[in-house]
Amino acid sequence: AMPTLSRAVAEEANALSPARQIAIPLRWGPDAAFYPPAEYPGRGILAAGRTGRDFVTFGRAATAADVPATILTLKSGADPELASFGSNVTVRLTEKFIAYSETTRLFAASRALAIPMFKQDGLCGLTSLLDALGAGKPVIITRNSNLDLDVEKLGIGRWVEPGDIQGWIEAMRFFEDNPDAATEMGRRARKLVDDGL
């Protein structure tokens, strides 16, 4: 057997050997006890991560939306344009990964978590999406058809197309202008974890 973290990946693997379906998707979820309690409604949109991230689109959109936003990523490989965003966008570049316990505190204090990505053909963004659920926060995420969780159908967030600055602006403004909806979506996200996903 070959376990995968996505139905799409399992289907792709099984297509290589139609006579013998060996790939099976396994659910992977966050450790519910690991995350500190969420602060509601929270403040600002936090985008943290490294792999496949499109922080330039996110930062441009956050600047235009005039919404408090934070980008947290490694200094190595950071795009120089990250220094050009508006004063409402905090860019925190670190030499090495910060402790996960500190990151989860930032999750808890945010209004929503953002996962801005370049167009994907893999599972990029999955860990961050599960972090959002564990932290009890709604999510804005670049569409990735390889991820099994549909944030809009589940009522826990918004999809944005790759490179869609206007889509990011609208999603960020929604969460900024609707704190009660953000809180409800965040609680719904956490309930998925507490109910066993």
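**Second pocket**

I began with the second largest pocket of this predicted model, which has a volume of about 310 Å³. For a pocket I took an open set of points on a 1 Å grid over the protein atoms alone, with protein on both sides within 12 Å along at least five of seven lines, where a 1.4 Å probe fits, and lining residues have an atom within 4 Å of a point. The volume is the space filled by probe spheres set on the points, which are joined across faces, edges and corners.

I looked up the lining and found 14 residues, of which Arg-7, Arg-27, Asp-148, Leu-149 and Leu-197 lie nearest the centre. By class the lining divides into 11 nonpolar, no polar and 3 charged residues, where Ala, Val, Leu, Ile, Met, Phe, Trp, Tyr, Cys and Pro count as nonpolar, Asp, Glu, Lys and Arg as charged, and the others, Gly among them, as polar.

I note for the record that residues are numbered from 1 along each chain as its sequence is written, and that side-chain values use heavy atoms, with hydrogens and water left out. Because the model is predicted, local features need pLDDT of at least 70 and side-chain atom pairs count only at pLDDT 80 or more, while totals for chains, interfaces and linings use all residues.

**Largest pocket**

I then turned to the largest pocket, with a volume of about 540 Å³; it is lined by 27 residues, and those closest to its centre are Ala-48, Gly-49, Arg-50, Phe-97 and Ser-128. In its lining I counted 15 nonpolar, 8 polar and 4 charged residues. I found that β3, β4, α3 (100-109), β6 and α4 (126-135) each supply at least two lining residues, and that the largest share, 4 residues, comes from α4. Helices (H or I, at least four residues) and strands (E, at least two) are DSSP runs, numbered from the N terminus.

**The sheet**

I traced the sheet next: 6 strands form an open, parallel arrangement in the order β5-β4-β3-β6-β7-β8, where two strands pair if DSSP finds at least two bridges between them. The edge strands are β5 (89-94) and β8 (157-160), each of which pairs on one side only. From one strand to the next the twist averages 20 degrees, with axes as lines fitted to C-alpha atoms, for helices over the stretch in contact, and angles running from 0 to 180 degrees between N-to-C directions.

Strand β3 (residues 45-48) pairs with β4 (residues 69-74) over 4 bridges, in which Leu-46 is partnered by Thr-70 and Ala-48 by Leu-72. Strand β3 also pairs with β6 over 3 bridges, where Ile-45 has Ala-112 as its partner, and β6 pairs with β7 over 3 bridges, with Val-139 as the partner of Leu-113.

Helix α5 (residues 165-177) packs on the sheet and touches β3, β6 (112-115), β7 (139-142) and β8, its direction making about 170 degrees with that of β8; contact here means heavy atoms within 4.5 Å.

**Covered faces**

I asked which residues of β3 are buried, and found Ile-45 and Ala-47 on one side and Leu-46 and Ala-48 on the other. Buried means under 20% relative accessible area, exposed over 50% and partly exposed in between, with a 1.4 Å probe and protein chains only. In β6, likewise, both faces are covered, with Ala-112 and Ala-114 buried on one side and Leu-113 and Ile-115 on the other. In a regular strand the side chains alternate between the two faces of the sheet.

For Ile-45 I recorded a relative accessible area of 3%, and among the residues touching Ile-45 are Phe-58, Val-67, Ala-112, Ile-140, Met-172 and Phe-175.

I found helix α2 (residues 55-65) mostly covered, with 8 of its 11 residues buried, including Phe-55, Phe-58, Gly-59 and Ala-65. What covers these buried residues includes β3, β4, β5, β6 and α5.

In the loop between α2 and β4 sits Asp-66, which has a positive phi of about 55 degrees although it is not a glycine, and which counts as exposed at 55% relative accessibility. Last, I noted the cis peptide bond joining Tyr-40 and Pro-41, with omega about 5 degrees; Pro-41 lies in the loop between β2 (23-25) and β3.

Terms used
Lists of a residue's contacts leave out its neighbours within four places in sequence.
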